Amino acid sequence: MEIYINGIGAISPQETRDNANFLTSILEYKEAYLPIAEPPYKDYINPKELRRMSKIIRNGITAARISLEDSELEMPDAILTGTGLGCAVDTEKFLLSMIDNQETLLTPTSFIQSTHNTVGGAIAIGLGCHNYNMTYVHRGFSFETALHDAFMMMHDGEIENALVGGFDEMTDNHIQLLRSVGHFQPVGYSNLDLKNTTENGTIAGQGASFFVLEKERKRNSYAKLINLKMFFKPESTSEIVPKANDFLAKNQLSVDEIDLVLIGYNGIQEETDVYNAFTDKLFPHASVAYFKHLCGEYYTASAFGSWIAAQILQKQEVPDVILYSQGKPKQLNTILLYNQFQEEEHSFILFSKC
């Protein structure tokens with residue numbers, strides 16, 4: 001059975017709201033973490049409802065509605081979301097108000113909106129959807145687990161379509177905690193210099209990316225989702241290449257049939273070494289692209305990478321801004337997305353042209 005990506009929607013640090021414009025105007029930042037290029041929320045959400053919504057809820061709902069409109073699907077059979085931090089801003093608001101007010105006179109709004117499944121629930125309420133709704137919180141596997149759940153249910157015939165998304169937001173307090181581990185760059189470091197930096201570090205990001213998966217190919221289909229694989233904390237980089245070979249063989253593909261390898265390079269030297277060893281050993285002549293210099297590093301950044309893969313396969317072009325090595329591929333039939341988070345959660349997602 002084939003699964004098609006028939007609709008996509010992304011709200012990110014770049015101008016990605018309009019799917020017709022694929023990375024035509026790149027935004028550069030020199031801030032503590034990459035902010036969201038906010039869309040006109042009133043175009044997607046009732047202004048009366050906006051007042052009580054935090055930015056991550058707005059971004060999640062907007063990205064979901066863009067993908068649903070893109071696919072012309074009114075009601076999904078399932079809503080599956082993945083997030084590493086959930087609604088971090090509201091969580092912080094509630095905890096700080098507990099301290100400031102000595103656990104008295106607390107307003108419930110921040111608490112109600114602080115749970116990880118708030119975005120999935122808000123999407124369902126807006127659609128009037130009473131179907132299967134699940135949120136996965138598994139660090140760097142959060143989006144992949146949501147995608148895997150949809151993949152399995154569609155293959156088992158439980159559902160015909162699914163709305164799948166990954167979202168995360170960054171806060172001033174959380175970036176201070178991340179800086180304490182020494183893997184994040186100081187203010188003033190440009191996101192577009194991620195590839196060329198000699199310092200050890202990345203830039204934190206945020207975003208919300210959603211996809212409509214269906215069994216039926218449509219005139220506006222972007223790509224086919226062939227398969228995905230997750231593996232946790234390999235003992236050494238030598239384990240990754242055999243896992244990739246087995247994954248490709250399971251899907252009746254050889255290394256030579258991968259036209260583009262989309263890698264989660266983020267500027268952290270230890271992770272870069274893993275990625276380089278992987279591409280040098282398995283894909284020495286394949287075109288390699290990257291994406292985290294555009295969205296930043298966060299738990300569900302692979303969702304943004306998946307948005308890029310879908311766009312590439314539909315539009316049959318690789319923007320110069322994401323090329324990492326070996327130049328542009330001669331053809332664009334198959335893309336392998338390889339991402340890792342802090343050298344622990346590793347994933348492969350395989351896409352092909354419709």
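Here are some questions and answers on how features of this predicted model get their labels.

This is a predicted model in which local features need pLDDT of at least 70 and side-chain atom pairs count only at pLDDT 80 or more, while totals for chains, interfaces and linings use all residues. Residues are numbered from 1 along each chain as its sequence is written, and side-chain values use heavy atoms, leaving out hydrogens and water.

Q: What makes both faces of strand S7 count as covered?
A: Leu260 and Leu262 on one side are buried, and so are Val261 and Ile263 on the other. Buried means under 20% relative accessible area, exposed over 50%, and partly exposed in between (1.4 Å probe, protein chains only).

Q: Why are S7 and S8 said to pair?
A: Two strands pair if DSSP finds at least two bridges between them. S7 (residues 260-263) and S8 (residues 287-290) have four bridges in the parallel sense, so they qualify as paired. One of the contacts to look for is Leu260 with its bridge partner Ser287 in S8. Strands here are DSSP runs of E with at least two residues, helices are runs of H or I with at least four, and both are numbered from the N terminus.

Q: Why is the salt bridge label given to Lys55 and Glu38?
A: A salt bridge is a side-chain nitrogen of Lys or Arg within 4 Å of a carboxyl oxygen of Asp or Glu. For Lys55 and Glu38 the N to O distance is 3.2 Å, so the pair meets the cut-off. Lys55 lies in helix H2 (residues 55-71) and Glu38 in the loop between strand S1 (3-11) and helix H1 (47-50), so the pair ties together parts that are 17 residues apart in sequence.

Q: How do you know whether Lys328 and Asp320 are exposed or partly exposed?
A: Lys328 has 47% relative accessibility, so it counts as partly exposed. Asp320, at 57%, counts as exposed. Their side chains meet in a salt bridge (3.2 Å, N to O).

Q: What joins Arg139, Lys233, Glu344 and Glu345 into one network?
A: Salt bridges that share partners do.
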